[in-house]
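Q: Could we go through this structure together, starting with the backbone and then turning to the side chains?

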Amino acid sequence: MKKIAHPFVVLALISLAACTNMSSEQQGTVTGAGLGAAAGAGIAAISGSDGWTGAAIGAVAGGVAGNMKGREQQGY
């Protein structure tokens, strides 16, 4: 299990470091898409649906919501 988890931890740390040069709108979009994908996959798994479809729908919805929140923070 540790051999499998190690690359994912490294990938997560690299992706967090990559957000430092983004605008708040871009950060909101990426964060919203990630959280939406996780939530969509979880909800789909609980309801017995296809997890990939739930993740895709959640990523789109979360990305749009995060983008709107980032725009709000920038004052657009």
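**Helices, salt bridges and surface**

A: Just after α2, G48 takes a positive phi of about 90°. Please note that the model is a predicted one.

Q: Noted that it is predicted. How many helices and strands does the protein have?

A: The secondary structure comes to three helices and zero strands. Read from the N terminus, the order of elements is α-α-α.

Q: What span should α2 have, and how far apart are its end C-alpha atoms?

A: With 24 residues at 1.5 Å a residue, α2 should span 34 Å. The C-alpha atoms at its ends lie 34 Å apart, which agrees.

Q: Which residues of α2 are buried?

A: The buried residues in α2 are E25, G28, G32, G36, G40 and A44.

Q: And what do the buried residues of α2 pack against?

A: They pack against α3.

Q: E25 is on that list of buried residues. What does its side chain meet in a salt bridge?

A: The side chain of E25 forms a salt bridge with that of R71, at 2.9 Å from N to O. E25 belongs to helix α2 (residues 24-47) and R71 to helix α3 (residues 51-74), so this pair ties together parts that are 46 residues apart in sequence.

Q: Where do K69 and E72 lie?

A: Both K69 and E72 are in helix α3, three residues apart, about one turn of the helix. K69 counts as partly exposed at 44% relative accessibility, whereas E72 counts as exposed at 56%.

Q: Changing topic to A37: where is it, and how accessible is it?

A: A37 is placed in helix α2. Its relative accessible area is 22%, so A37 is partly exposed.

Q: What is A37 in contact with, leaving aside its neighbours within four places in sequence?

A: A37 is then in contact with A55, G58 and A59. As for T53, its C-alpha atom is separated by 9.4 Å from that of A37, and the two residues are 16 apart along the chain.

Q: Now the surface. Which residues make the nonpolar patch?

A: V60, V64 and M68 make a nonpolar surface patch of about 310 Å². M68 is located in helix α3 and is exposed, with a relative accessible area of 55%.

Q: What percentage of the residues count as buried?

A: Of the 76 residues, 18% count as buried.

Q: Finally, among contacts between residues at least 6 apart in sequence, what share joins residues at least 24 apart?

A: Among those contacts, 55% join residues at least 24 apart in sequence.

Key
Residues numbered from 1 in each chain as written. Predicted model: local features only at pLDDT ≥ 70, side-chain atom pairs only at ≥ 80, totals over all residues. Heavy atoms only, no water. Salt bridge = Lys/Arg side-chain N within 4 Å of Asp/Glu carboxyl O. Helix = DSSP H or I, 4+ residues; strand = E, 2+ residues; numbered from the N terminus. Buried < 20%, exposed > 50% of the residue type's maximum accessible area, 1.4 Å probe, protein only. Expected span 1.5 Å × (residues − 1). Contact = heavy atoms within 4.5 Å. Patch = residues over 30% accessible without salt bridge, like charges linked within 9 Å, V, L, I, M, F, W, Y side chains within 5 Å. Areas by Shrake-Rupley, 256 points an atom, 1.4 Å probe, with all protein chains shown as cover.
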